[in-house]
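Welcome, and thank you for taking a look at this model.

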Amino acid sequence: MSTRPEILFPLFAELETLGGIGPKTAKALEGLGITLPRDLLFWLPHAGIDRKFRASVTEVQPGDMATVEVEVNAHRPGRSRNAPYRVEVSDPLTTFELVFFHANARWLEQQLPEGAKRVISGKVEHFDGNAQIVHPDFILPPAEAAQIPDFEPVYRLTAGVTGKTLMKGVGDVLSRLPILQDWIDPALKEREHWPDWNVALMQAHTPEGPDDLSPQTVSRRRLAYDEFFAHQLTLALARATVRRGKGRVSIGTGTLRDKVLAALPYKPTGAQSRAVEEIAADMAAGTRMNRLLQGDVGAGKTLVALLSLLIAVEAGGQGVMMAPTEILARQHLEGLRPLADEAGVVVEILTGRDKGAERRRKLEALKDGNIHILVGTHAVFQKDVEFQDLRLAVVDEQHRFGVSQRMELGAKGQASDVLVMTATPIPRSLALAQYGDMDVSVLDEKPPGRKPIKTVLINTGRLDEVVDRLRNAIADGAQCYWVCPLVEESEVMDMTAAEERFKHLRAELGEGVVGLVHGQMPVSEKDAAMADFVAGKTKLLVATTVIEVGVDVPNASIMVIERAEHFGLAQLHQLRGRVGRGQAASTCLLMYQSPLTEGGEKRLSVMRDTEDGFVISEADLEMRGAGDVLGTAQSGLPRFWVADLEHQAGLMAVAQKDARLLLQQDPDLSTARGHAARVLLWLMRQDEAIRLISVG
């Protein structure tokens, strides 16, 4: 089925085929991302208005809605053109007024003839102690009162689209709902008491009260599951495609790894050993590995990466390790080289800075197989970079590389294995949404010898005390970071803030003691400033968040974060992880300016109370929502219409298991449920998945 199934045609027609939607409204709806009738189906109401019948307006509080039957007593036109037109009416308990501005008197006399009975629905307000309804939403003869819903759904709107227009369009789409075969596993559907797809949509668009708007209602959970399932099915198809591609069998002898392990001053953690075993099994399997190594700050990912790269070398091949920046690439080189030397393995670095003869020499050595492990930035993607036998690519800090780059890197070697490392602990539901096509290894233990970091909250009013404390610590041989505040979204302003603080601290602590690094500096200056700090020439490094990822200076034991309330939890956690890497007890000072917002206070107390990155990431998800935690624009996180990753996270794991199981049992999606799943992929516009099925 490589063309859209006919049963879905009505949902993929032009928007203008719907009642009440002309070209202008269709254009306005585009602003909401609504371009097809099927989009309106998944544009669920986010609130509702209680329009239940009342005996009298006296039953409701000012500001609330009332639907009452009234008798029309008298019309009172305004004295001037701008004065309101008032109509006095009575319900069984009281007399009140309907108020109209810029009114058309003739129209009002037709709608509300004196002596007639009418049903009115609108917001009750009090003015000079008397009840009134300004511009009622409904004015109907009692015989037509059934047109007023007891609970009216409210949709998010945009300029040029009224609630009535949207409701009319939704009603029209609901009337053309096809009956689709169910793609959900019958046992799961029964266990969850989920309704059929079309019933769930009807229920979601016609809530009977506020409770029906909750993400936990059965109809909304069912619709959310459909989205998660379609997404996980797409990822599972991508995973199956990678696995179908011939992989290399890379079986290590263990000789090089044993040499490295013998040279280590400590034993790897259980989590590290487990991860290496999982990776070794993947590499030996003959299908392509696509694995995510997720570990908190300082959980020892570099050692796992090196041992994995050594498997490739033991098997007679080469490995590559990619980092997002040159600073990080050089750091990986420094971390890997001494250990690789113990095993007699040649490690080399390639960055955009390599030019001319030096670059040619490296490329030749790589092609001849004389470099075993290459470390680099995305410069290793360039056309002229050829390996003799690339077997494993390790990509550091995944969120800088998308799925397409993972594929591109894999293409450098004959079906080389890919291991992605991330130091950003991601809540499980988001990890599944973003990396569902990968297998995951988690490093959840800290290597021996990592001391806890003491975190202290301190008011910016006590700046001088903090500087005195740093002066004493530096005199005792310590090194410190001072991270400057984020100023709006402007790197230039961040730079100014950093330069001001640098001048102030240099004046306090002396020339030559304080270094500076920020994003606006030329790379060479930045590297030089970092090198001075690493070598211990400077004792205090003033920085913007450029040091957030991966900088490793074991002697640094104090981290000051100025205006910490402006930073996100993930960022604070990454920054704090820059200390606590050596023998000394470490401290992180979070300086804040009062009064704190509720969110700011909550973030800082989470930081004070825990060092566990996974706990922090769950708190972050709860406070900010999924899109913000991953930065949806560049995260590759899909846009869900109904599903809510914060409140329905558990469904994502179920969807992944189910999608993988379905493909295991029915790889071509050719059974009845497989066909239903194909229709779902079309319905959810999962074009990537559809392409994979048609190719497969």
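Leaving aside its neighbours within four places in sequence, which residues is L40 in contact with? L40 is in contact with L15, L18, I21, I34, L166, G169, V170, V173 and H205, once those neighbours are set aside. Keep in mind as you explore that this is a predicted model.

**The chain as a whole**

- You can find 25 helices and 21 strands in the chain.
- The chain has 696 residues, and buried residues make up 53% of them.
- Among contacts between residues at least 6 apart in sequence, 73% join residues at least 24 apart.
- A649 belongs to helix α23 (residues 649–665), and with a relative accessibility of 23% A649 counts as partly exposed.

**Nonpolar cores**

- The largest nonpolar core holds 74 residues, and the members that touch the most others are L40, L41, W183, W197 and F229.
- Helix α7 supplies the largest share of this core, nine residues.
- There is also a second, separate core of 52 residues, with L463, L509, V517 and L590 among them.

**R222 in helix α7**

- R222 sits in helix α7, which covers residues 218–244.
- Is R222 buried or exposed? R222 has a relative accessible area of 0%, so this residue is buried.
- Apart from neighbours within four places in sequence, R222 is in contact with D182, W183, I184, K189, W194, P195, D196, W197 and A200.
- Two of these contacts, W183 and W197, are also listed among the core members that touch the most others.

**The seven-stranded sheet**

- Seven strands make an open sheet with parallel pairing, and their order is β11-β12-β10-β13-β14-β9-β15.
- At the edges are β11 (347–350) and β15 (439–443), each of which pairs on one side only.
- From one strand to the next, the twist averages 20 degrees.
- Strand β10 (residues 318–322) and strand β12 (residues 373–376) run parallel and are joined by four bridges.
- Within that pairing, V320 has L374 in β12 as its bridge partner.

**Helices lying across the sheet**

- Helix α9 (residues 270–284) lies across β9 (290–295), β13 (390–396), β14 (417–422) and β15. The angle of α9 to β15 is about 160 degrees.
- Helix α11 (residues 326–342) lies across β10, β11, β12, β13 and β14. The angle of α11 to β11 is about 170 degrees.

**Strand β4 and its partners**

- Strand β4 (residues 95–100) is largely enclosed by the rest of the structure, because five of its six residues are buried.
- Strand β3 (residues 85–90) pairs with β4 in the antiparallel sense over six bridges.
- A hairpin of four residues connects β3 to β4.
- In the pairing of these strands, V89 has F96 in β4 as its bridge partner.
- Strand β6 (residues 130–134) runs parallel to β4, and three bridges join them.
- Opposite L98 you will find I133 in β6.

**Helix α24**

- How many of the twelve residues of α24 are buried? Ten of them are, so α24 is largely enclosed by the rest of the structure.
- The buried residues of α24 are R673, G674, A676, A677, R678, V679, L680, L681, W682 and L683.
- Helix α24 (residues 672–683) should span 16 Å at 1.5 Å a residue, and its end C-alpha atoms are 17 Å apart, which agrees.
- Just after α24 comes R685, with a positive phi of about 55 degrees.

**Cysteines**

- A disulfide is a covalent bond between the sulfur atoms of two cysteines.
- How many disulfides does the structure hold? The number is zero.
- C484 counts as buried, because its relative accessibility is 2%.
- C588 is buried too, with a relative accessible area of 0%.

Methods
Residues are numbered from 1 along each chain as its sequence is written. This is a predicted model: local features need pLDDT of at least 70, side-chain atom pairs count only at pLDDT 80 or more; totals for chains, interfaces and linings use all residues. Side-chain values use heavy atoms; hydrogens and water are left out. Helices (H or I, at least four residues) and strands (E, at least two) are DSSP runs, numbered from the N terminus. Buried means under 20% relative accessible area, exposed over 50%, partly exposed in between (1.4 Å probe, protein chains only). Contact means heavy atoms within 4.5 Å. Two strands pair if DSSP finds at least two bridges between them. Axes are lines fitted to C-alpha atoms, for helices over the stretch in contact, and angles run from 0 to 180 degrees between N-to-C directions. A nonpolar core is a set of buried Ala, Val, Leu, Ile, Met, Phe, Trp, Tyr and Cys residues joined through side-chain atoms within 4.5 Å. A disulfide is a pair of cysteine sulfur atoms within 2.5 Å. The expected span of a helix is 1.5 Å times one less than its number of residues.
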